[in-house]
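Student: I have a structure open and would like a close look at one part of it. Could you walk me through the place where its domains meet?

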Amino acid sequence: MLQVEDLHKSFDDFKAVDGVHLSVEKGQLVAVIGPNGAGKTTLFNLICGQLQPESGKILFNDDEIGRLPPFEICRKGIARSFQIANIFQRLSVFRNVQVSVLSQQRLSNKLFHPAAQLAVNETNHILESVGLLDKNADVAGSLSHGDKRILEIAIALGNEPELLILDEPTAGMSPDETATTMALIQRLAEKQGLTILFCEHDMEVVFGVAQSIMVMQQGRTIVQGDPQAVRENTEVQQAYLGDE
Ligand SMILES: Nc1ncnc2c1ncn2[C@@H]1O[C@H](COP(=O)(O)OP(=O)(O)O)[C@@H](O)[C@H]1O
Ligand SMILES: [Mg+2]
């Protein structure tokens, strides 16, 4: 579904992404891991069109998307969350997700109609799938940090993506929230057949969950493979032991 080949992106002289290779197959749950500063967010910004690559290829369903603007990439079926939650703080949980469903259905011009009873079933269905239905009337800004991040996943689901991209979905979460969120991500992948690509700096979070892991260090792909192959890779062992 997604194929990234020899991708490069610099900021002035600094090579933030410096030879990245990544392959995501339909239905897979794929993790990108690497320490802070490895280039994970830059890679996701390149895939989603927030940044343009200098060289290399990004193929989504065999289309080159590497130089398209974000809205076109979104329209092709890629939705993402950001490392810092991006929600409408003063709207209700329900409304945050409804806005996204309506914009997918190109009905957002009707959003400020007094009786905005549009897409109610779709919105509730998404809230239920992420476990936020009982909080649908809460003001988004009043949610716990963990629930805000989950709301952001719900907003991304409103775009009906083929590929869901999550940037450190458990960043800043307590151990309990992290476990709940990883279980949710696994459920979305397994029960709803979504293809999910996420990144993480903590190795332990991904090993029980991801089917394929790509390890990045200093802008480069060290290896991509199943968890066992990655665990046994000597370059990965050196990179991580060297860190500690
Ligand atoms: N817009 C930018 N301008 C300059 N440097 C940047 C910019 N974005 C990221 N970087 C640098 O690129 C490197 C990789 O950053 P990032 O992709 O955010 O890493 P990660 O998400 O793996 O922590 C970091 O050293 C960061 O400081
Ligand atoms: Mg990051």
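How many salt bridges are there between domain 1 and domain 2?

Tutor: Happy to look at this with you! The count between domain 1 and domain 2 is zero salt bridges. Please keep in mind that this is a predicted model. What the two domains do have between them is five residue pairs in polar contact, with both residues at pLDDT 80 or more.

Let's see which parts of domain 1 take part. Helix 2 (70-75), strand 7 (163-167) and helix 6 (175-191) each supply at least two residues of the side that touches domain 2. Of the elements on that side of domain 1, helix 6 gives the most, with five residues. By residue type, the side of domain 1 that touches domain 2 divides into ten nonpolar, three polar and five charged residues.

Now step back to the whole chain. Domain 1 is made of two stretches, 1-77 and 161-237, while domain 2 covers 89-159. Taken over C-alpha atoms, the centres of the two domains are separated by 25 Å. Where they meet, 18 residues of domain 1 are in contact with twelve residues of domain 2. Together the domains bury about 1,200 Å² between them, and 63% of that area is on carbon and sulfur atoms.

Terms used. Residues are numbered from 1 along each chain as its sequence is written. Chains are lettered from A and ligands numbered from 1 in the order in which they are written. This is a predicted model: local features need pLDDT of at least 70, side-chain atom pairs count only at pLDDT 80 or more; totals for chains, interfaces and linings use all residues. Side-chain values use heavy atoms; hydrogens and water are left out. Domain bounds come from an automatic or database domain assignment. Contact means heavy atoms within 4.5 Å. Buried area is the accessible area (1.4 Å probe) that two parts lose on being put together, summed over both. A salt bridge is a side-chain nitrogen of Lys or Arg within 4 Å of a carboxyl oxygen of Asp or Glu. A polar contact is a pair of N or O atoms within 3.5 Å; within protein, one must be able to donate a hydrogen and the other to accept it, and residues adjacent in sequence count only if both atoms are side-chain atoms. Helices (H or I, at least four residues) and strands (E, at least two) are DSSP runs, numbered from the N terminus. Ala, Val, Leu, Ile, Met, Phe, Trp, Tyr, Cys and Pro count as nonpolar, Asp, Glu, Lys and Arg as charged, and the others, Gly among them, as polar.
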